[in-house]
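This briefing is meant for a reader who is meeting the structure for the first time. Please keep the sequence and the model open while going through the points below.

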Amino acid sequence: MDTILRDFLKFLVKRPLYTTGFIIVVAFIIVGCIAPYILTKPEDAWGITYDLSRAFQPPSLEYPFGTDAYGRDMLNRVILGSRYSLIIAMCVIVLALIIGVIVGLVAGYLAGVTGTILMRITDMFLAYPPLLLAVAFASVLGRSVLNTIIALAISWWPWYARLMYVSVNSVKSALYVEAARVIGLGKFTIMIKYILPNSLIPVITQAMLDIGSAILEASALSFLGVGVPPPIPEWGRLISEGWVYVSKAYWITFFPGLMLLITVVGFNLLGDAVKEYMNPRLRNIAAKR
Amino acid sequence: MPITRTYLVKRILLLFLVVLGVLVISFIITRVIPARPELLWVGLHARAEQIERARKELRLDEPIYVQLYYYLADFFRGNWGISWRTRQPVILDIITSLPATLELTITAFTLAFIIGVILGLVAAVNYGKLADKVISLISIIAASIPVFWLGLVLQTVFSIWYPVLPAGMRVDPSLVIGTGFKPITNFYILDSLIQLNIPVLLDVLKRMILPVITLMMYPLGLTIRMTRSMAIESLQEVYAKALEVWGLPRSKVLYKYILKNVIAPVIASLGLSFGYTVTGALMVELIFVYPGIGYYVGMALLSFDYPAILGGIVFVAVIYSLVNLIVDIIHAWIDPRVKF
């Protein structure tokens, strides 16, 4: 594992664009983790107090990202917002991964009627355009961080179930699975001990590549007013709060959106790097040039 | 043309099953999850007797499978409830706003496809060079940009700071009265062309520029990435090398041979990018006050108008399934290797 990581970093260093993506992602995760401890105006960030006398201040040295309609410092709010984006995206991916892996594993290994029913249910969920299903669930569940996570995970797991199903199907005819069956191991044991670990890699990789999209979709939900409630400074929420004032105070929407864009670009660049690193054919073409 | 009638029949039956699935999920969302589903139907401020009537109408006292049966029957009969906001039947609202959304999404989608394929091919031919790097960066940014933010930024810059492009509405109302423009099909481009009403046509197009640019970003990014990676792989194939060694100019190899291999998988991915385009329309139409289905559902979300939210979303999901069916058929028609 250590050598793979070192090899990957060596691969990254030679490609400035991918390195940039890597740096963005690392910075985002660090800021997200330590956000509450580096705030200069915590009461502004959490949105507890307001001071109308300093409302709508344009970006300046004191307020690099300006202030919002309640006189809160936008920089502090944006910093704290990164934490929410990080937590929500991570929870969505992990929850979707757990459901998707279980459904895909059971459907793929048991096949037959159970498998068909499980995969048809998966298809039902996939019939909705991405995000719209989450919007529908979120609108009924009500606004909260937890409900945002649930709504997004519900619309997300079918992709992983599909991927897992395909992966399990390619693994289950392998010789070692056959051998395990011949020596008399039970279905459940084979599934957990042999099929699961050997079919997990593609799904986990895809899940890591999806973090950027999860951040984007969570903020879209908040922008539409069905995600996290105020005064939580999630980035989509901040953009939606500044929307009404966009003609007189562009900075309220501009900076949270810019941070969102940079973060998602970072995750997508890193995703491309991982994809290229894992696809030897693509790498060989690149090496020849 | 290897598309058989059995294939078509099978796919259409499958479509029917998918629509049923979509409805079952929306039934769970509206009737099973909420504690008091009747409130979603008549509104939070309804009077007691209205709520009582809604309970009867939705048959909430009967077993769940009976409720599901009537839910499906209501859907196919077109009884999708009354919007709290517009006080009109939801299905009527949706049908009136459909043309606006179709006009917008089809334009954005077609432009994204054409520009995306061209840029993707240019990047692939110049693989590793500056042009490739620039195009790749563009595609990554296009696929990562939050549509709602881009919409707001474009609106601020081009409608407020430098008011060169009007934002909001599909056409200037005073122009409609002044020139006697009558919407017939509600596809304004078509309508103004039929009536040879050039001022209205120009105004309609002008008002579409910003929403279309915003909306096309995601499918554009997706198409560039797809085309580029497919073309790079195809250019490495032995036949492509052979043709070049043969002395065929690269442009001809690209146009006559590579394009065919690239286009099929790109078309197969169109269904998904259509899904992202309609979802984007939800936010783009809301920002640009463009009265289509996206605007309708968006306003419904902001005012907790549940019949309209669910009606709109289910309708879009059905359209999405239909588009996926069409994409699959086109894919099968273009690429004879696709098995049925």
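In chain A, 67% of the contacts with a separation of 6 or more are between residues 24 or more positions apart, where two residues are in contact if their C-beta atoms, placed from the backbone, lie within 7 Å. This is a predicted model, in which local features need pLDDT of at least 70 and side-chain atom pairs count only at pLDDT 80 or more, while totals for chains, interfaces and linings use all residues. Residues are numbered from 1 along each chain as its sequence is written, and chains are lettered from A and ligands numbered from 1 in the order in which they are written.

**Chain A as a whole**

- The secondary structure of chain A consists of 13 helices and 0 strands, with helices (H or I, at least four residues) and strands (E, at least two) taken as DSSP runs and numbered from the N terminus.
- Along the principal axes, the C-alpha atoms of chain A fill a box of roughly 80 × 50 × 30 Å.
- Of the 289 residues in chain A, 45% are buried; a residue is buried if 20 or more other C-beta atoms lie within 10 Å of its own, exposed if 12 or fewer, and partly exposed in between.

**Where the two chains meet**

- On chain B, 41 residues are in contact with 40 residues of chain A.
- The elements of chain B that give two or more residues to the side touching chain A include helix H1 (5-32), helix H10 (198-236) and helix H15 (306-334).
- The residues on this side of chain B divide into 31 nonpolar, 10 polar and no charged, where Ala, Val, Leu, Ile, Met, Phe, Trp, Tyr, Cys and Pro count as nonpolar, Asp, Glu, Lys and Arg as charged, and the others, Gly among them, as polar.

**Backbone details**

- Most residues other than glycine have a negative phi, and most peptide bonds are trans.
- Pro230(A) and Pro231(A) are joined by a cis peptide bond with an omega of about 5°, and Pro231(A) is found in the loop between helix H10 (211-223) and helix H11 (235-242) of chain A.
- Leu196(B), in the loop between helix H9 (188-194) and H10 of chain B, has a positive phi near 50°, and this residue counts as exposed because it has 8 C-beta neighbours inside 10 Å.
- Phe304(B), in the loop between H14 and H15 of chain B, has a positive phi near 55°, and Phe304(B) counts as partly exposed because it has 17 C-beta neighbours inside 10 Å.
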